[in-house]
Amino acid sequence: MEKERRVRAPRIDKTAISPYENYCDGYGAPGAQGNGYVSVLKVSVGTVEKTDDFLLDGIVSYDRAEINDAYVGQINMLTASSFCGIAGQVWGHDLAAHNDIIDKKIKPVLEIDQYDGSKLHVYDAKPLLEAGIELFGTEKERRFTLLPGAHTICANKGVTAYRPKEDRPLKEGEAYGVWCFIALSLSADRDNCADLFIEDAGLWTKNDSAEDLKAFLEEHRKSVAWSVVSCGQDSHVLFERTYVGFAYTIMKPGEIGTSLTCAPYVSLARNAVPSTGFNSLNKISLKEWLKDRELTSLVEKIKK
C-alpha cells in the first residue's frame, strides 16, 4: 500500500540511479541517471589482534569496521563535511521509509531546546541503520553494495586504539574500548535548508565494562544533540527531528579496535529501483521495497 509522504524540494530532480545493475555507486561518478543522491547511515566497529606493526593493524581493524553490519567494503572513502542537501534524500526515511517511522512506533529518547525555544526531538537511528543493512546487505549476504573500488563521498569519522595485553595503566592513545556516533538532523524547512550530519568518535579509558561504556554513550547523546542545535543556531536553521545512533566495542587484551561512523552519498543500483520507478520510493515502505525486489529481510534474519 502506498504511503503519502511529502517530498522535499519537489521541483528539484533528486533521481539517483547508478549505471550498474547490481551496484550502487558514489555520488558524482560518471554515468549516473539524475542529479540527486541518497544518504545511507552506518556505524560499526572492528578489531584485530595486535602485531608488530600498528599501522597495518589499524588498516585491518578499519577494514573490518567497513565490512561489519551494512557492507561498505572495498571502496575509496572520501570525506565530506557532512550535510544532506536539497538534492539529497535519506534511505529509510525519504526513500523506502522504515515501517517503524511510517507507523510512528519510535519515540524520542530525549529532547532539547533550539535557539528559538522550540523543542528538538531526538530519536534512535536504529531504523535508518537497519535500512542500510537491507540495501547494501552484509559481508556474508551482499545485496546492492557499492561498486568495488568506487570513489564514494561519505560523512565519516573514526578512531583507532590499542588495548595492552598487560594489566597496567594505559598510555596515550591506548584504551579499553572505542566508540562512535552518527546523528542526522532533518531541517524544518527541507525545501531550502540542508539536513545536518554530526559524527563523533572517541576512546573509552575508564574500565573494561561494556555496560559502563554503553551508559556513557546513552548520556553522551545529550552532547551530540547540543552540537546539533549549536550548528543550527550558527546558520539560523531549525530542525524537525534528529536521528542518533552509536556503536562501540570493548577490545580484548592485546587487540586493536577501530570505530567508524559514515554516511555514503550514493546513486542506487538499477535493480534496487522498484518496478514502478525511482520516485515511487517516496511512497513505499521498506517492507514494500523488499517485497517488490523479491527480497527477505536480513535484519529479521540477524535477529533470529
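Serine 185 is a handy place to start: leaving aside residues up to four places away in sequence, it touches Asp195, Leu196, Val228, Phe239, Arg241 and Thr242, where contact means heavy atoms within 4.5 Å. Keep in mind that this is a predicted model, so local features need pLDDT of at least 70, side-chain atom pairs count only at pLDDT 80 or more, and totals for chains, interfaces and linings use all residues. Residues are numbered from 1 along each chain as its sequence is written, and side-chain values use heavy atoms, with hydrogens and water left out.

**Around serine 185**

- Serine 185 lies in strand β10 (residues 177–187); strands (E, at least two residues) and helices (H or I, at least four) are DSSP runs, numbered from the N terminus.
- With 0% relative accessibility, serine 185 counts as buried; buried means under 20% relative accessible area, exposed over 50%, and partly exposed in between (1.4 Å probe, protein chains only).
- Its side chain makes a polar contact with the side chain of threonine 242, at 2.6 Å. A polar contact is a pair of N or O atoms within 3.5 Å; within protein, one must be able to donate a hydrogen and the other to accept it, and residues adjacent in sequence count only if both atoms are side-chain atoms.

**Aromatic rings**

- Searching the whole structure turns up 11 aromatic pairs. Rings of Phe, Tyr and Trp (its six-membered ring) pair if their centres lie within 6.5 Å; planes under 30 degrees apart count as stacked, over 60 as edge-to-face and the rest as tilted.
- Tryptophan 204 and phenylalanine 216 make a tilted pair, 5.6 Å centre to centre with 40 degrees between the planes.
- Tryptophan 204 belongs to strand β11 (residues 195–204) and phenylalanine 216 to helix α4 (residues 210–234), so this pair ties together parts 12 residues apart in sequence.
- Tryptophan 204 is buried at 5% relative accessibility, while phenylalanine 216 is partly exposed at 28%.
- Trp179, Phe181, Trp204, Phe216, Phe246 and Tyr248 form one aromatic cluster.

**Charges over rings**

- Arginine 142 has its charged end over the ring of tyrosine 71, 4.3 Å from the centre. That label needs NZ of Lys or CZ of Arg within 6 Å of the ring centre and within 35 degrees of the ring normal.
- Likewise, the charged end of arginine 241 sits over the ring of tyrosine 123, 4.6 Å from its centre.

**Helix α3**

- Helix α3 (residues 126–136) is largely enclosed by the rest of the structure, because 10 of its 11 residues are buried.
- Just after α3, glycine 137 takes a positive phi of about 80 degrees.
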